[in-house]
Amino acid sequence: MLDRRILWLMTTIFRRRYAKIGFGSYLGPTLFVKTRRRNLHIGNNVRIMAAARLEVLDKGQIKIGDNTSIGHSMTCTCTNSTISIGKNSVISGNVFIGTQNYDFKTHRRDKNWFASAEFEDNILIGKNTFIGYGAVILGGSTVGENSTINAYAVVKGNFPAESIIRRPK
C-alpha cells in the first residue's frame with residue numbers, strides 16, 4: 001500500500017513540474033527525465049519501465065501516444081526537434097531513439113568530433129509499431145503505422161506502413 005502512495009505522489013509531482021501525463025500511465029523507478037516545462041507529452045495508459053531516459057532540451061518535444069509500452073533502459077533524446085511515437089506501440093528494452101547526428105562528409109580526421117557540425121531531424125513512429133530489443137532509430141526517420149523493427153536494427157530514412165525493418169546480415 002505504501003508503494004502505491006509513493007508512486008502516486010511521484011507521478012503527481014512529475015505531472016505538475018515537467019509534462020502532460022495521461023490517466024493510468026505508469027512511470028517506472030529510476031526514470032531519468034531532463035526537460036524544460038511542458039515539452040514531454042505522455043498519453044493515457046502508457047507504461048515506461050525502469051531505467052528509461054527521456055531528454056528533451058531547448059525547443060524539442062517528445063510525444064508518446066496512448067497505450068504504448070516502453071521497455072527497460074530505453075533512451076530517447078532530442079534538442080530542437082520532435083520525436084512522436086504513435087499509439088498502441090511497443091518499444092522493447094535498450095532501444096535508442098535520438099534526433100542528433102553529425103555531418104561526416106565535412107569532418108576532418110585531425111579535428112575532434114565535438115568540433116563537427118551537428119544537425120537534427122524529426123522522428124515519426126506510426127501507431128501499432130513494434131520496436132525490437134536494441135534497435136537504434138536515427139534522426140530524419142519516419143516509420144509507417146503497423147510496422148515492425150527487428151532487434152538490433154538501425155533505422156534511418158522513410159519506411160511506408162506495414163514495413164518490416166531488419167538488421168543487415
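## Basis of the model

Residues are numbered from 1 along each chain as its sequence is written, and side-chain values use heavy atoms, with hydrogens and water left out. Because the model is predicted, local features need pLDDT of at least 70 and side-chain atom pairs count only at pLDDT 80 or more, while totals for chains, interfaces and linings use all residues.

## The seven-stranded sheet

An open sheet with parallel pairing is formed by seven strands in the order S2-S5-S8-S11-S16-S19-S22, where strands are DSSP runs (E, at least two residues) numbered from the N terminus. Its edges are held by S2 (26-27) and S22 (164-165), each of which has a single partner strand, so one side of each is left without a neighbour in the sheet.

Strands pair if DSSP finds at least two bridges between them; S2 and S5 (residues 47-48) run parallel and are joined by two bridges, with tyrosine 26 opposite arginine 47.

## Pairing of S3, S6 and S9

S3 pairs in the parallel sense with S6 (residues 53-56) over four bridges, and within S6 leucine 54 is the bridge partner of valine 33. S6 is also joined by four bridges to S9 (residues 75-78), again in a parallel run, and here arginine 53 stands opposite threonine 75.

## Asparagine 39

Asparagine 39 lies in the loop between S3 (32-35) and S4 (40-42). This residue is buried (under 20% relative accessible area, 1.4 Å probe, protein chains only), with a value of 11%, and the side chain of asparagine 39 reaches the backbone oxygen of glycine 60 at 3.1 Å.

How values were computed: Buried means under 20% relative accessible area, exposed over 50%, partly exposed in between (1.4 Å probe, protein chains only). A polar contact is a pair of N or O atoms within 3.5 Å; within protein, one must be able to donate a hydrogen and the other to accept it, and residues adjacent in sequence count only if both atoms are side-chain atoms.
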